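User: Could you take a close look at the aromatic rings here, and then walk me through the salt bridges around the chain?

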Amino acid sequence: MDAVDENGRPVRFSFQFVKLSTGEVISITKGFKVQTKAATELHKSNPDARIAIEKKKKNPGHSANQTRNIQVDGTDQVRKFKIRLMTQFNGRKVFW
């Protein structure tokens, strides 16, 4: 999930998680982790995404809350999910 390619861009992956509020299973076929550090360098190819990330001032507390922000590839949609509710990653079952 944290991997980057040789150009420093996040590597795309697929995953599935359970939405805590409804119990619905959400599948993302192609997405990447939204980086907060050096976001402007990682998103040079998409200026709109870079601006959206730069405006974010509040510390999300991902470590303490065990959450991650994932952007669905090809869209501006960013999903926050709890990593403990992930059931599959790149087609492999996740066990906690």
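Analyst: Let's start with Phe15, which is buried at 3% relative accessibility; here buried means under 20% relative accessible area, exposed over 50% and partly exposed in between, with a 1.4 Å probe and protein chains only. Phe17 is buried too, at 4%. A quick word on ground rules: this is a predicted model, where local features need pLDDT of at least 70, side-chain atom pairs count only at pLDDT 80 or more, and totals for chains, interfaces and linings use all residues. Numbering runs from 1 along each chain as its sequence is written, and side-chain values use heavy atoms, with hydrogens and water left out.

Back to the rings. The structure has five aromatic pairs, a pair being rings of Phe, Tyr or Trp (its six-membered ring) with centres within 6.5 Å; planes under 30 degrees apart count as stacked, over 60 as edge-to-face and the rest as tilted. Phe15 and Phe17 make a stacked pair, because their ring centres are 5.6 Å apart and their planes sit at 20°. Ring pairs also join these two with Phe13, Phe81 and Phe89 in a cluster.

Now the charged side chains. The whole structure holds three salt bridges, each being a side-chain nitrogen of Lys or Arg within 4 Å of a carboxyl oxygen of Asp or Glu. One of them joins Lys33 to Asp2, at 2.4 Å from N to O. Lys33 belongs to strand S2 (residues 25-33) and Asp2 to the segment before strand S1 (13-18), so this bridge ties together parts 31 residues apart in sequence. Strands here are DSSP runs of E with at least two residues, numbered from the N terminus. What about burial of the partners? Lys33 counts as buried at 15%, whereas Asp2 is exposed at 52%.

Another bridge pairs Arg12 with Asp73, at 3.3 Å from N to O. Arg12 lies in the segment before S1, and Asp73 in the loop between strand S3 (67-72) and strand S4 (78-82), so the pair links parts 61 residues apart in sequence. Arg12 is partly exposed at 35%, and Asp73 is partly exposed at 26%.

That leaves Asp5 and Arg9, whose closest N and O atoms are 3.5 Å apart in their salt bridge. Asp5 is partly exposed, with 24% relative accessible area, and Arg9 is partly exposed at 37%.

How values were computed:
Helix = DSSP H or I, 4+ residues; strand = E, 2+ residues; numbered from the N terminus.
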